Amino acid sequence: MKVRLQKYIADCGITSRRKAEELIVQGKIQINGETTCTLGTKVDPCRDEIRYKGEIIKPEKHQIYLMLYKPEKYVTTVKDQFQRPTVLDLLSEVKERVYPIGRLDYHTSGLLLLTNDGDIAYRIMHPKYEIVKTYIATVKGIPTRDQLEHMRKGIAIEEYITAPASVKMLRKTKNQSVLEIQIHEGRNRQVRKMCQAIGHPVIRLERTKVGKLTLGTLKKGEYRHLTSNEVEYLKKL
Ligand code: URA
């Protein structure tokens with residue numbers, strides 16, 4: 001899509017649109033090697049090469065960081081082969097092309113971060129950075145102390161043993177228990193598999209925290225921009 005040259009220059013973070021008009025009129029901008037002094041000229045950001053002071057200029061990418069309270073029955077992939085709703089359907093007002101940091105299962109609800117900042121996304125997802133994710137799992141039955149200890153120490157699921165985790169019993173009723181589970185690995189369906197491995201399958205699963213970020217007052221299906229402190233926190237991790 002073509003945009004006006006003065007907007008393009010402003011999007012590059014060079015100066016305001018008004019000042020950009022002055023630069024154009026003063027003959028300081030070249031499009032594909034040709035100086036243009038005409039206001040209103042349109043350029044194609046993907047094809048045209050715009051220069052200012054001899055340097056090619058490109059729009060600054062506006063980086064955004066969102067937190068979504070993912071409801072159950074949404075996929076966190078950008079497209080789904082079964083046409084199920086995706087979390088991006090909940091962000092239709094967001095113009096930037098964001099993608100989820102990590103994933104939550106279709107049936108898991110809770111805190112999901114989304115961004116267009118690839119560097120942060122990489123760091124949060126990489127097990128090396130050991131970001132703790134906190135889950136509240138409602139499981140079938142009442143796990144014994146030994147079973148919980150087994151989960152804490154590391155448990156064999158499929159072909160690997162999980163890293164040490166923090167597991168707390170929060171509540172129990174006659175036939176269900178609510179556990180708080182903190183892990184930093186984030187393998188596919190890890191919490192569900194850990195609970196299954198001790199014989200207490202998950203009935204409901206929600207992620208409540210990523211590092212120290214919490215859902216706060218967000219309601220299911222709502223999203224918000226991270227505060228600058230939250231973004232700083234993620235960048236420092
Ligand atoms: N572990 C799971 O089993 N499911 C999730 O969605 C996240 C972690």
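The structure is a predicted model, in which local features need pLDDT of at least 70 and side-chain atom pairs count only at pLDDT 80 or more, while totals for chains, interfaces and linings use all residues. Residues are numbered from 1 along each chain as its sequence is written, and side-chain values use heavy atoms, with hydrogens and water left out.

Polar contacts (pairs of N or O atoms within 3.5 Å) involve a polar side-chain atom of Thr108, 3.0 Å from a ligand oxygen atom, and a backbone N or O atom of Gln190, 3.4 Å from an oxygen atom of the ligand. A polar backbone atom of Val191 lies 3.2 Å from a nitrogen atom of the ligand. Taken alone, the ligand exposes 240 Å², of which the protein buries 97% (Shrake-Rupley method, 1.4 Å probe).

The charged end of Arg84 sits over the ring of Tyr106 at 4.4 Å from its centre, and Arg187 lies over the face of Tyr160 at 3.6 Å from the ring centre. The criterion requires NZ of Lys or CZ of Arg within 6 Å of the ring centre and within 35 degrees of the ring normal.

Glu230, in helix H6 (residues 228–236), counts as buried because its relative accessibility is 14%, buried meaning under 20% relative accessible area (1.4 Å probe, protein chains only).

Notes: Helix = DSSP H or I, 4+ residues; strand = E, 2+ residues; numbered from the N terminus. Buried < 20%, exposed > 50% of the residue type's maximum accessible area, 1.4 Å probe, protein only. Polar contact = N/O pair within 3.5 Å; in protein donor to acceptor, adjacent residues only side chain to side chain.
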